[in-house]
Amino acid sequence: MIQIEGLYKYYGTTRAVGPIDLQVSAGEVVGLLGENGAGKSTTLRVLACELLPSAGRVKVDGHDVVDDPDAVRASIGYLPDKPPLYPEMTVREYLGFAARLRGVARADTPARVAAAAEQAALTSELDAVIGALSHGFQQRVGIAQAIVHRPRFVVLDEPISGLDPRQIVEMRRLIRGLAGEHTVLISSHILSEISQTCDRLLVIRDGEIVADDTEEAIVQRTLGGARIRLLASGLTAERLATLTSAVPQATLLSSQEEAGCLRLELTSPEDVRARLARWVVESGAELLEIGRSEHELERVFMRLASPEQAS
Ligand code: ADP
């Protein structure tokens, strides 16, 4: 378990984070979401024993980051926002080096390197020189070095930053794959990058946690409901008039023609996607798309995360 109580970190006289209180239980995949400068890296660096807290207590599995940093380092795997890769080394050499640095016995190192490479989907690149790898593969090397000593906790600072859409999908899969064996804390400044990856989201603004819940619950509370977008063909005006009686919880916000189809945007205090889908189909129309409005989700989080727009 990660326990943070009353954490503050100052750079000189400037408060970068604090107060922060939070707990992460074993097995959770938690996202730390905030704009640039909100304090994500600082918080993660304290956890990884790279920075000392200015005040407060930070414990990892009962070990204090100030009193017992070696024990904390042994149980945490950390991917900094700029991973310290050695471009002239091969992946195998570098992972072996990282394993030895974290106390893996020499005899166990080859097996640990192979296992970490397999988990990070890097086996085919083990003998490649790091400097010649794409950014996506270099990020995977960063993750592999973080898990090579089989830490219970994995802390990833912006692992998705700079990846292309296909690499983002692969990275999400990789991070979800870590979840079985590790407790994962992952930071990002873009909700959509981590939205499907995490069980729980912490929104950090100006060094403080301003929301701590599931994405669903945060959206519900902030928006007072979910926004749903729907695209249907053959939905007549008469049929549209039956929406209120068929799905009374839904309020129609807008309807517009889109390539011969009708695009509806609705809001509802609860998730009524299944009922809406049934209503469309039972009316003899065809449902082409239904989903929550991603744009809206991003807006909710930016409203929470950004100091100017918060008030
Ligand atoms: P994030 O990771 O969310 O972008 P950071 O933790 O890097 O945020 O930064 C939090 C605040 O601390 C910012 O205002 C940043 O300018 C400041 N900061 C970060 N690192 C340093 C440093 N080494 N010296 C002085 N100020 C810093």
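Modeller: Buried means under 20% relative accessible area, exposed means over 50%, and partly exposed is in between, with a 1.4 Å probe and protein chains only. This is a predicted model, in which local features need pLDDT of at least 70 and side-chain atom pairs count only at pLDDT 80 or more, while totals for chains, interfaces and linings use all residues. Residues are numbered from 1 along each chain as its sequence is written, and side-chain values use heavy atoms, with hydrogens and water left out.

The ligand is surrounded by Y11, A16, E35, N36, G37, A38, G39, K40, S41 and T42; a residue is near a molecule if one of its heavy atoms lies within 4 Å of it. This shell divides into three nonpolar, five polar and two charged residues. In that count, Ala, Val, Leu, Ile, Met, Phe, Trp, Tyr, Cys and Pro are nonpolar, Asp, Glu, Lys and Arg are charged, and the others, Gly among them, are polar. Helix α1, residues 40-47, gives the most to the shell, with three residues. Helices (H or I, at least four residues) and strands (E, at least two) are DSSP runs, numbered from the N terminus.

Polar contacts are pairs of N or O atoms within 3.5 Å; within protein, one must be able to donate a hydrogen and the other to accept it, and residues adjacent in sequence count only if both atoms are side-chain atoms. An N or O atom in the side chain of T42 is 2.5 Å from an oxygen atom of the ligand. A polar backbone atom of G37 lies 2.7 Å from a ligand oxygen atom. From Y11, a polar side-chain atom is 3.4 Å from a nitrogen atom of the ligand. On its own the ligand has 560 Å² of accessible area, and the protein covers 57% of this. Accessible areas come from the Shrake-Rupley method with a 1.4 Å probe; for residues, only the protein chains shown count as cover.

T43 is also in helix α1. Its relative accessible area is 4%, so T43 is buried. The side chain of T43 reaches the backbone oxygen of G39 at 2.7 Å, and G39 is one of the residues around the ligand.

S187 counts as buried because its relative accessibility is 1%. Its side chain makes a polar contact of 2.7 Å with the side chain of D157, and a polar atom of the S187 side chain lies 3.0 Å from the backbone nitrogen of E158. S161 is in the loop between β7 (153-157) and α6 (165-179). With a relative accessible area of 30%, S161 is partly exposed. S161 and H189 are 28 residues apart in sequence, and their C-alpha atoms are 8.7 Å apart in space.

C49 is buried because its relative accessibility is 12%, and C198 is buried because its relative accessible area is 12%. The structure holds zero disulfides, a disulfide being a pair of cysteine sulfur atoms within 2.5 Å.

As for the whole chain, the domain assignment gives domain 1 (2-213) and domain 2 (222-298); such bounds come from an automatic or database assignment. The centres of domain 1 and domain 2, taken over C-alpha atoms, are 40 Å apart.
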